[in-house]
Amino acid sequence: MRLLLVEDNVALADELAARLRAEGYAVDWVVDGRDATVRAHDGDYDLAILDLGLPGRSGMDVLGDWRRTGLPLAVLILTARDSFADRIAGLRAGADDYLPKPFHPDELLLRVRALLRHRHGTVNTPRLSAGGLTLDEERKCVDVGPETVELSAAEFRLLRLLMLNPGRLLSRAAIEEHLYDGETERDSNVVEVLVNRLRRKLGRAAIETRRGLGYRLRDSTHTGDG
Ligand code: CA
């Protein structure tokens with residue numbers, strides 16, 4: 001899942017980016033409202049965290065522009081604590097949720113998770129279930145039938161993406177676009193390597209390959225044959 005963080009408070013942005021990356025999100029950070037307007041169109045972002053008071057251009061104008069141009073990303077705005085007017089204006093302009101400052105990063109992480117689930121039409125249960133698998137996003141492990149399997153950070157990121165899109169074919173390019181930020185070097189066969197590693201852990205049938213087209217999480221998983 002790839003996020004755009006728009007925040008001009010450097011200390012706060014550093015802290016949030018570190019927490020979000022630790023949760024397996026790819027994060028691109030911009031400071032300026034004008035940059036944010038353009039940048040959101042450059043990557044296939046799943047969600048933006050948008051501060052409203054920004055240099056260059058206000059967060060409200062940025063949001064208005066994103067929505068006018070039909071950008072489908074989920075938007076969580078960061079508002080001043082007592083600004084009822086900002087919250088109402090933000091929600092009217094197309095924000096999906098808001099968080100008044102100051103906030104605890106744990107609350108932000110839970111709201112991000114809920115928004116991403118909602119965006120993918122997935123119920124916001126404590127654990128994500130799809131394809132016969134149950135993913136624990138906090139412990140980064142997955143239940144396969146009665147077994148609990150530990151995942152590496154990279155395996156976790158890919159499996160979460162597949163589980164948020166069960167039965168849907170994802171091209172390698174689309175997977176890379178959602179798993180890596182703009183700074184990361186993309187190794188051409190990393191997705192294939194990760195898919196193979198996940199198959200060894202989850203069973204061969206868990207992830208289907210459509211040659212030349214991409215990968216998809218099977219709707220129901222048969223385990224024990226990998
Ligand atoms: Ca600000």
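**Domain interface, calcium site and local geometry**

Across the interface of domain 1 and domain 2, the rule finds 4 salt bridges, a salt bridge being a side-chain nitrogen of Lys or Arg within 4 Å of a carboxyl oxygen of Asp or Glu. The structure is a predicted model, in which local features need pLDDT of at least 70 and side-chain atom pairs count only at pLDDT 80 or more, whereas totals for chains, interfaces and linings use all residues. Residues are numbered from 1 along each chain as its sequence is written, and side-chain values use heavy atoms, with hydrogens and water left out.

The chain is divided into domain 1 (2-119) and domain 2 (127-217), with bounds that come from an automatic or database domain assignment. The centres of the two domains, taken over C-alpha atoms, are separated by 26 Å. In the interface, 17 residues of domain 1 are in contact with 17 residues of domain 2, contact meaning heavy atoms within 4.5 Å. The domains bury about 1300 Å² between them, 37% of it on carbon and sulfur atoms; buried area is the accessible area (1.4 Å probe) that two parts lose on being put together, summed over both.

On the side of domain 1 that touches domain 2, the elements giving two or more residues are helix H1 (10-22), strand E2 (26-30) and helix H5 (105-119), where helices (H or I, at least four residues) and strands (E, at least two) are DSSP runs numbered from the N terminus. The largest share of this side, 4 residues, comes from H5.

The calcium ion is coordinated by Asp8 (OD), Asp51 (OD) and Gly53 (O), at 2.1 to 2.3 Å; donors are N, O and S atoms within 2.8 Å of the metal (3.2 Å for Na, K and Ca), and water is not among the atoms, so sites may look incomplete. Aspartate 8 lies in the loop between strand E1 (2-6) and H1 and aspartate 51 in strand E3 (residues 47-51), so the pair ties together parts that are 43 residues apart in sequence.

The structure holds 24 salt bridges. In one of them the side chains of glutamate 177 and arginine 2 meet at 2.7 Å, N to O, linking helix H7 (residues 172-179) with strand E1 across 175 residues. As for backbone geometry, a cis peptide bond with omega of about -5 degrees joins lysine 101 and proline 102, and proline 102 is found in the loop between strand E5 (97-100) and H5.
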